[in-house]
Amino acid sequence: MNIGLEAFLGLSAVLFALGLYGALSKRSAVMVLMSLELMAVAVGLNLVAFSRFVTPEAMTGQAFAIFAMVVSAAEIGLALAIVIAIYRHARSVELSALERLKG
Amino acid sequence: MTGYWLIAPEVIVTLGALIALFGNMLPGKDRTTALLSAALCVGATAVAWLATPGEAIFGGLLTSSAPASVMRVAILLLTAVWLLWLSSRGYEGERSREAVAMALFSVTGALLLTHTTELITMFIALELATIPAYMLMGYRRRDIHGLEGALKYFLLSMLTSLIMLYGLSFLYGLTGTTHFGQIAEALPGTGTLGLIAAVLTMVGLFSKLSAAPFHFWAPDSYAGAPAASVAFVSTVPKLAGVLVLIHLVQAFQGIPGIELVLAFAAAASMLLGNLSALGQTDTRRLMAYSGVAHTGYLLIGLAGAVAVGGGQEGYLATTFYAIAYSIPSLAIMLVVAEEGDSVADMTGLATRRPWVAWAMLAWLVSLIGIPPLAGFFGKLYLFETGLEAGLAWLVLIGVVTSIISAAYYFRIVRAMFLAPAEEAPDRPAGEVAASRSADAALVIALVATVAVGVGASLVMRALGWV
């Protein structure tokens, strides 16, 4: 059985939608970060699938996917550092506890 | 300057950042680090100015252009002014050498961003310009407000970055290339999917430029952060962001419907920004909403340029306004960092430090757009492009909201010049210590605001206006 480009794009769209839903609905900062990672994975899958089916001889999409992964790993690392610093003050990582800034 | 000399400014600034990371070992620590970095930025300015336009290096990953050279000079000079100010004021209660390093890394990303003509390089440069900004916003690690603002900034910024990345993957998939020029050729034939990919891509940049409806991070994050960080984050990375948005819109201009997206974002930003700024009592929050509004004015130029099928005037007007807006904005935030965060803290500034109060008046007047200062000519060029493109309704919103904006800017003026002394809050520290380098930074910003206004035609010619 041949699996086409559409199957990969569909799976990636589902993952992206799940991640987006999680990022917008979860109350814990750590869960939001995990949802963001899920979106990053969806993008990576998209890029690699396009690379395989659209430009099989050039590796552009795969190179793009690797760069995107490294950047999102760095960003998540930084975000966790901020979350830990917040936890030291507030003893909580719930986003609902972060409502000092309003207006 | 040709060939690999094009990236010499980036190399100089990166070296400065690496030196700043070891600022502990320099004699004089914070002050020496900031002054040395400011000197390096000025040196890099000279190299950036000498770049030959239209040269491509690294197989077309980076391409120089006249607007990019002007933007690079503006980025480096604004950073130098900020560092000069930081060298004497620093961050109250924190060491500032790491902030210097973070700012310089962000500048490296911003400089790369001005030259990118390819998606992968663009994405990496954009993230390099913003990741240090999160750290600057949460720089006081013992201050929960700053950390909360930084986390909010991070979450929305990363979410929109990923949406943009999803859009970029479709741009690449639809066209089979990551170079802007080839994307522009292939994109008009892709129909609705191309429009969706383009809109997803622009979401990321709208959020970095705090354009409505993706501006929610800005007020909270600015109000929690140290004003000195806000001065940098709200101006320098934004300059590069505007230029890359212009490059992307140039690649997207063949898609039908794109000017409506830009016009909608412009109208929403101008209305939401200006109306929300009216009731603010914290100057940082007020300036955050004013930044949203000014991004709205910028988008008029882009919408106009796309509506006439790629008019160079609109793109140049947008570039000019980005520079004209960022100089006063940086200077006002530096004064806020000296005087205190709320509008009431400005009370009596005219008697305490008369020349700073008059300089503030000039910057605020420039933001409103009164001649002969930089902001007036910027708005004039933008509104002209909008009218020529037949977007009269958008220009009307721009003019009306500019008048509304005078109301909240003049609240600051009233506090400085007219408010009775009893309205002033108790000042714990009393006088702001005199400092020659901080004053020099403000004077340079004042001269630049006047010079960009009086010499507007010279700047436009340097940008490539014919």
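This is a predicted model: local features need pLDDT of at least 70, side-chain atom pairs count only at pLDDT 80 or more; totals for chains, interfaces and linings use all residues.

Colleague: Happy to start with the rings: which residues do ring pairs link into a cluster with B:Trp217?

Modeller: Residues are numbered from 1 along each chain as its sequence is written, chains are lettered from A and ligands numbered from 1 in the order in which they are written, and side-chain values use heavy atoms, with hydrogens and water left out. Rings of Phe, Tyr and Trp (its six-membered ring) pair if their centres lie within 6.5 Å, and planes under 30 degrees apart count as stacked, over 60 as edge-to-face and the rest as tilted. By that rule, the residues that ring pairs link into a cluster with B:Trp217 are B:Tyr134, B:Tyr153, B:Phe154 and B:Tyr222.

Colleague: How many aromatic pairs does the structure hold over all chains, and how do B:Tyr134 and B:Tyr153 sit to each other?

Modeller: Over all chains there are 18 aromatic pairs. In the one formed by B:Tyr134 and B:Tyr153, the centres are 5.0 Å apart and the planes stand at 80°, so by the cut-off of over 60 the pair is edge-to-face.

Colleague: Which parts of chain B does that pair tie together?

Modeller: Helices (H or I, at least four residues) and strands (E, at least two) are DSSP runs, numbered from the N terminus. B:Tyr134 and B:Tyr153 are 19 residues apart in sequence, and the pair ties together helix 5 (residues 119–137) and helix 6 (residues 144–175) of chain B.

Colleague: And are B:Tyr134 and B:Tyr153 buried or exposed?

Modeller: Buried means under 20% relative accessible area, exposed over 50%, and partly exposed in between (1.4 Å probe, protein chains only). On that scale, both B:Tyr134 and B:Tyr153 are buried.

Colleague: What does B:Ser221 touch, not counting residues up to four places away in sequence?

Modeller: B:Ser221 is in helix 9 of chain B, and its relative accessibility of 0% counts as buried. Contact means heavy atoms within 4.5 Å. With residues up to four places away not counted, B:Ser221 touches B:Met137, B:Gly149 and B:Tyr153.

Colleague: Now for the backbone: which peptide bond is cis with omega near 0°?

Modeller: The proline concerned, B:Pro213, is in the loop between helix 8 (191–208) and helix 9 (217–224) of chain B. B:Ser210 is found in that loop between helix 8 and helix 9 as well, with a positive phi near 50° in a residue other than glycine. The cis bond with omega near 0° runs from B:Ala212 to B:Pro213.

Colleague: Is B:Ser210 buried or exposed?

Modeller: B:Ser210 has a relative accessible area of 1%. That value makes B:Ser210 buried.

Colleague: Where does B:Pro372 lie?

Modeller: The peptide bond from B:Pro371 to B:Pro372 is cis, with omega near 5°. B:Pro372 lies in the loop between helix 16 (354–368) and helix 17 of chain B.

Colleague: Which residues is B:Leu364 in contact with, leaving aside neighbours within four places in sequence?

Modeller: B:Leu364 is placed in helix 16 of chain B and is buried, with a relative accessible area of 1%. Leaving aside neighbours within four places, its contacts are B:Ile332, B:Tyr409, B:Ile412, B:Val413 and B:Met416.

Colleague: Over to chain A: how many helices and strands does it have?

Modeller: Read along the sequence, chain A follows the pattern α-α-α. The count for chain A is 3 helices and 0 strands.

Colleague: Why is chain A more spread out than a compact globule?

Modeller: The radius of gyration is taken over C-alpha atoms, and the globule rule is 2.2 Å times the number of residues to the power 0.38. For the 103 residues of chain A that rule gives 13 Å, so chain A is more spread out than a compact globule, with a radius of gyration of 17 Å.

Colleague: Last one: is A:Arg91 buried or exposed?

Modeller: A:Arg91 lies in the segment after helix 3 (60–90) of chain A. Its phi is near 55°, a positive value in a residue other than glycine. At 58% relative accessibility, A:Arg91 counts as exposed.
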